[in-house]
Amino acid sequence: CRPLRYRSEWMMANIALIDDDPTEVMVLEGMLMHSLDGHSLTAFSRVEDFPAAPDNQAFDFVLLDRRIPPHADFETSLPVLAKAGYTGPIVPISAGCMEAISLDPLNVLEPVEKSRLLTPEAVDALIASVIDPMKSA
């Protein structure tokens, strides 16, 4: 994983969103526009597009939707990220509640419901908890 880029007292995150729902992409982009931290978002509508990204290791973390065709669940989509060599944090997201997911050797964090990401403050809190867990504790 590349080191975080710190500027002044804030940090900027480079985030990959893998979700086939264009509404989710627009919502997250809207929330990030209200952040003063200058986070960047790259959206992928298919898991298979992520390995082809020019530098997929440059992402600070990945938000991965539970159902992204042709994958019905994380058990089939996460191995695509593993095969691509991605080693950074992966935050599973879904419209409904989920149980924790463990798939070695990936760094899969606690799942997040999409409904918890509807305010800029909530998105900023998630980013802080992923990229700097010691500060957000």
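**A buried aspartate and the core around it**

Tutor: Asp65 is buried, with a relative accessible area of 7%, where buried means under 20%, exposed over 50% and partly exposed in between, for a 1.4 Å probe and protein chains only. The model is a predicted one, in which local features need pLDDT of at least 70 and side-chain atom pairs count only at pLDDT 80 or more, while totals for chains, interfaces and linings use all residues. Residues are numbered from 1 along each chain as its sequence is written, and side-chain values use heavy atoms, with hydrogens and water left out.

Asp65 belongs to strand β5; helices (H or I, at least four residues) and strands (E, at least two) are DSSP runs numbered from the N terminus. Setting aside residues up to four places away in sequence, Asp65 touches Ile18, Asp19, Asp20, Phe74, Ile93, Ser94 and Lys114, a contact being heavy atoms within 4.5 Å. With Lys114 there is also a side-chain to side-chain polar contact at 3.3 Å, that is, a pair of N or O atoms within 3.5 Å, one able to donate a hydrogen and the other to accept it, with sequence-adjacent residues counting only if both atoms are side-chain atoms.

Ile18, one of the residues that Asp65 touches, is also among those with the most contacts inside the largest nonpolar core, which has 37 residues; such a core is a set of buried Ala, Val, Leu, Ile, Met, Phe, Trp, Tyr and Cys residues joined through side-chain atoms within 4.5 Å. At least two residues of this core come from each of β3, α1, β4, β5, α2 (74-83), β6 (89-94) and α3, and α3 gives the largest share, five residues. Leu81, again with residues up to four places away not counted, touches Ile18, Val47, Phe50, Val62, Leu64, Tyr86 and Ile90.

Turning to α1 (residues 22-33), its buried residues are covered by elements that include β3 (14-18), β4 (40-44), β5 (61-65) and α3 (120-131). Helices α1 and α3 pack at an angle of about 90 degrees with their axes 8 Å apart, which makes α1 roughly perpendicular to α3, a label for angles of 65 to 115 degrees. Where the two helices meet, Leu28, Met31 and Leu32 of α1 face Pro120, Val123 and Ile127 of α3 in contact.

Finally, the loop between β5 and α2 holds Pro70, and the peptide bond from Pro69 to Pro70 is cis, with omega near 10 degrees.

How values were computed. Expected span 1.5 Å × (residues − 1). Axes fitted to C-alpha atoms, helices over the stretch in contact; angles between N-to-C directions. Parallel < 35°, antiparallel > 145°, perpendicular 65-115°, else oblique.
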